Amino acid sequence: MTGNTIKFGTDGWRAVIADEFTFANVRICAQAVADYLHEAELAQKGVVIGFDTRFASDDFAKTSAEVLAGNGIRVYLSDSAVPTPVLSYSVAHLQAGGGIVITASHNPGSWNGFKYKSPDGASAPYETVARIEELIAQSQPRNIRKIRLSDAVMQGLVTISDFKSAYRRQIESLIDLEGIRRAGLKIAVDSMHGAGCGYFKMLLGKGSSCISEIKSSPNPAFPGMKQPEPIGINLADLSEHVKTIGASVGLSTDGDADRLGIMDENGNYVTQLQVYALLALYFLEIRGERGAIVKTITTTNMLNRLGELYDVPVFETSVGFKYVAPVMQRENAIIGGEESGGYGFRGHVPERDGLLAGLYFLDLMARTGKTPTQLLDTLYKKVGSHYYDRRDTHFAEEERMLVIQRMQESSPAELSGVAVLRKETEDGFRFVLVDGGWLLVRFSGTEPLLRVYAEGSSTQQVQSLLDCGMQLAGIKEI
């Protein structure tokens, strides 16, 4: 891969280390960011750079810093691996012109990535990403300007920075941490060997609530899991740990800690859609806040029902937090989220934060005195029972156009015995059913995967809908 073919997906550019994700290509991306900052008259504000726990992430971050400094742009470079939400908050806190984080988030360990953050700490909007891609395509290795890191530090162009302290102060301003400490919760944490290792312990400290953490040391191989994504199939160890220690709840964050996964007190996975609905209920009912809710098309209809019950608007976007964040800002939304387990909150940066989401969930438990299963019962009494699942299937690139053609031509009158109300094609192919259920078929924006999503009134209906989606796409599970 060269600069001419580097493309940003739903959240940054990601590729396999040493194959496409190379120092040469990272320099091309960094130079494009430098050119963009100068063009947008943001260069004088500087840039914040952070990295996760993946192989050579710190070296890729230093390489990026050398290029930015070589372009006369001041750099605040993290002194250690940090969660993406910590980096995002640091951009806003330091009033920088933008941010770079070296991470492939939830992708397998052989991958790495390059994310760019706007001055407000959010995922860069489409227009910004498109311009950076144009600059990448125009880039030539001979035009890359860089300076050795040690020289840049001596000249004051690079400042090695601690981002944790300011982030902790921000969290303390948003949530009653002392109330969680006093709640007597037994909290199991799986940090998936990622950048979130140790953060819940750091933020909560000591109290009658206690934390027992597994996979708490960085490991770029992410052993024992397909990839560091906090979904049910990757959380068997957390489930066992919850049951072994008799935990009140299990929390898990992905490779860069911008996503959250939850296990109930019995070691059962609480789906991302259930978690999102519970967080929305927490803000509306427990905290008594009012404001818009923003959701992607892959997220639950329970939010629409909550919007009706509490008389707040619900806005729907395409998949990717870069679409969610602008609507959150425009509407001053109380919460925004997506099916992947990424949730953002009013009063914080308009970006996903798996750590803050986990703390809000703990606060919900602490304030109500209820277990996760009891909280779900409360939710379902308000909105009715909703179930969800997703299937991911690898595909050969030559099949992509065939799948698209099949889906374009598909107009079923019913799915799983339920009439189809309408077909939507804004982002993938979604079939909305008359009973409120839905089926969505779309390609991943970061990996060679076909994703099939479904929500329904029973687990059986969900699995039947997923079967229908696979049949419509014409791809067999591998």
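1. **Ground rules.** This is a predicted model, where local features need pLDDT of at least 70, side-chain atom pairs count only at pLDDT 80 or more, and totals for chains, interfaces and linings use all residues. Residues are numbered from 1 along each chain as its sequence is written, and side-chain values use heavy atoms, with hydrogens and water left out.

2. **Overall build.** The protein holds 16 helices and 21 strands; helices (H or I, at least four residues) and strands (E, at least two) are DSSP runs, numbered from the N terminus. The radius of gyration, taken over C-alpha atoms, is 22 Å, close to the 23 Å that the globule rule gives for 478 residues, so the protein is as compact as a globular protein of that length. That rule is 2.2 Å times the number of residues to the power 0.38. Along the principal axes, the C-alpha atoms fill a box of roughly 65 × 60 × 40 Å.

3. Of the 478 residues, 61% count as buried, meaning under 20% relative accessible area (1.4 Å probe, protein chains only), with exposed over 50% and partly exposed in between. The accessible surface, from the Shrake-Rupley method with a 1.4 Å probe, comes to about 17,700 Å², and 49% of it belongs to carbon and sulfur atoms. Among contacts (heavy atoms within 4.5 Å) with a separation of 6 or more, 69% join residues 24 or more positions apart.

4. **The largest pocket.** A pocket here is an open set of points on a 1 Å grid over the protein atoms alone, with protein on both sides within 12 Å along at least five of seven lines; lining residues have an atom within 4 Å of a point. The largest has a volume of about 470 Å³, where a volume is the space filled by probe spheres set on the points, which are joined across faces, edges and corners. Its lining has 22 residues, and I231, I233, D389, R390 and R391 lie nearest the centre. Strand β16 (387–394) and strand β21 (449–456) each supply at least two lining residues, and β16 gives the most, with 6. By class there are 5 nonpolar, 7 polar and 10 charged residues; Ala, Val, Leu, Ile, Met, Phe, Trp, Tyr, Cys and Pro count as nonpolar, Asp, Glu, Lys and Arg as charged, and the others, Gly among them, as polar.

5. A cavity is a set of points where a 1.4 Å probe fits but cannot get out, and the count comes to 3 cavities of 30 Å³ or more. The second largest cavity has a volume of about 70 Å³. Its 10 lining residues include D11, G12, Y116, A124 and V129, which lie nearest its centre, and the lining divides into 4 nonpolar, 4 polar and 2 charged.

6. **A helix to look at.** In α12 (residues 321–331), F321, K322, V324, A325, V327 and M328 are buried. Their cover includes β12 (293–296), β13 (314–317), β14 (335–337) and β15 (343–345). Just after α12, N332 takes a positive phi of about 50°.

7. **Two loop residues.** S105 has a positive phi of about 55° although it is not a glycine; S105 sits in the loop between β4 (98–102) and β5 (111–117) and is buried at 1% relative accessibility. M192, also not a glycine, has a positive phi of about 55°. The loop that holds M192 runs between β7 (186–190) and α8 (199–204), and M192 is buried, with a relative accessible area of 0%.
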